Amino acid sequence: MKKKETLLATAFLMPALTIFTIFIFYPICKTFYLSFFQWNMISKNKKFIGLENYINILTENSIHKSFANTLIYIGLLIVFNFILPYVIAYILAFLVNKFKGFYRTMFFFPSIISLVVASLVFVWVFNPMIGPISKFYEIFNLKPQFWLKTNGLVMVLITLITAWKIFGYNLILLLAGILEVPTELIESAKLDKISNLQIFLYIVIPMTSSTALYVIVMTIVYGLQQVFVPINVLTQGGPNNGSTNLVYSIYQYAFTFFQTGRASALSIITMLFFFILISIKIKVLEKGVYYEN
C-alpha cells in the first residue's frame, strides 16, 4: 500500500515538478552558470571571468542607486498597497452602510486595466501644463512640478501607477479577512465606548494578521513584477537613474548593453536579496500572527 501511495503521489506531482524544473529551476541554474562568464548573448564563445561580474556589480554606483530606489519603492508600496487598503477595508466593513458593493467595484476596477494604459493616464493626470494636478498648482500659486523629470518625485509617480493597479486586489483580500472578525467583538467594544481606531488596532489587526502577512509578502513580490512596465514606458530609468531599480537594471544589462554575465550576476544578487528580505519579514511578523484554531 505504501509503494502504491508513493507511486500515486509521484504521478500527481510529476506535471507540477516538470513545469517547475523547466521554467524555474533550470533557468535559475543557467543564470547562475552564466554569471561567471563574459558574454554578449550573440557570440558563440563565452569567456570565463570567475567572480568579476559580482565584484563589478557590487562596486558600481548605478547599482547602489538602483538598490536605494528599490528600497524606497518597497517602502512606498507598503504604504499605498498595504496600510491604506487595510484602513479602507476596515471602513467599508464596519463604518459604511450604503453602496458597499459600488465602492468595492470601483476600488477593484483599476486591477483589470493594462499597466501601459494606467501609465499613460497618470502621465496626463500629473502633466504640469494640462493635467488636473496643474489646476491645484494654479489655485495655490505653486510652481508646476515635472514629475517625470525630478528625482524623488519620479519614484513616487512610478509607485502610484503600480499601486493603483494592485490596490483593488489587496483591498478585497483584506476586506475578506476583516469580515471574518466576529461582529460580537466589534459590537461589545462599541458598547464599551471604545473608539474605532482602538477597535482597528487592538481587535481587527491581530485577528486578521494571517491575511495581512500574506498580503504584505504578495505586495512586494507582485509590485516588483509590475514595476518594469511603467519604468520602461515612461522613463527608461531616468532622470539620471532616478527611477531605475534592480529589476530594470537587469533588463538594461541584458537587452540594452548586451552584458549577459553582469545581468545574470545581478539577477542572482537580486534573488538572494529579496529571498532574505521576505524571509526576515515572515520570521519577524509571523511571531504576532493569529491563526484560528
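Predicted model: local features only at pLDDT ≥ 70, side-chain atom pairs only at ≥ 80, totals over all residues.

Select Ser 264 and display its surroundings: leaving aside residues up to four places away in sequence, Ser 264 touches Thr 31, Leu 34 and Ser 35. Ser 264 belongs to helix H13. Is Ser 264 buried or exposed? With a relative accessible area of 6%, Ser 264 is classed as buried, because that class takes in values under 20%.

**The largest pocket**

Remain with helix H13 (260-285) and turn to the largest pocket, where H13 gives the largest share of the lining, 6 residues. To find the centre of this pocket, select Val 247, Ile 250, Thr 270, Met 271 and Phe 274, which lie nearest to it among the 17 lining residues. Besides H13, the elements that supply two or more residues to the lining are helix H1 (2-34), helix H10 (209-226) and H12. The volume of the largest pocket is about 490 Å³. Colour the lining by residue class next: 13 of its residues are nonpolar, 4 are polar and none is charged.

**The loop between H11 and H12**

Move to the loop that runs between helix H11 (228-235) and helix H12 (246-256), and select Pro 239 within it. Which peptide bond here is cis? The bond from Gly 238 to Pro 239 is cis, and its omega is near -5°. As background, most peptide bonds are trans, and most residues other than glycine have a negative phi.

Now select Asn 240, which is found in the loop between H11 and H12. Asn 240 is not a glycine, yet its phi is positive, at about 55°. The relative accessibility of Asn 240 is 67%, so this residue counts as exposed, the threshold being over 50%.

**The contact of H4 with H7**

Display helix H4 (residues 100-108) together with helix H7 (residues 153-179); their axes come within 7 Å and cross at roughly 140°. On the H4 side, select Arg 104, Phe 107 and Phe 108. These residues meet a set in H7 made up of Phe 167, Gly 168, Tyr 169, Leu 171, Ile 172, Leu 175 and Leu 179. By class, the contact of H4 with H7 has 8 nonpolar residues, 1 polar and 1 charged.

**Annotated spans**

Finally, colour the chain by its UniProt record. An unreviewed entry assigns "domain: ABC transmembrane type-1" to residues 67-281. Over residues 67-281 the chain is 76% helix and 0% strand, and the end C-alpha atoms are 18 Å apart.

The feature "transmembrane region" is placed by UniProt, in an unreviewed entry, at residues 7-28, 71-95, 107-126, 153-179, 199-224 and 263-280. Two of these spans may be selected in turn:

- Residues 71-95 are 100% helix and 0% strand, with the end C-alpha atoms 34 Å apart.
- Residues 199-224 are 96% helix and 0% strand, with the end C-alpha atoms 33 Å apart.

Key
Residues numbered from 1 in each chain as written. Heavy atoms only, no water. Helix = DSSP H or I, 4+ residues; strand = E, 2+ residues; numbered from the N terminus. Buried < 20%, exposed > 50% of the residue type's maximum accessible area, 1.4 Å probe, protein only. 1 Å grid on protein atoms, 1.4 Å probe; cavity = no way out; pocket = protein on both sides within 12 Å on 5 of 7 lines; lining within 4 Å. Points joined across faces, edges and corners; volume = space filled by probe spheres on them. Nonpolar A, V, L, I, M, F, W, Y, C, P; charged D, E, K, R; others polar. UniProt positions renumbered as here; feature names shortened; annotations may be inferred. Contact = heavy atoms within 4.5 Å. Axes fitted to C-alpha atoms, helices over the stretch in contact; angles between N-to-C directions.
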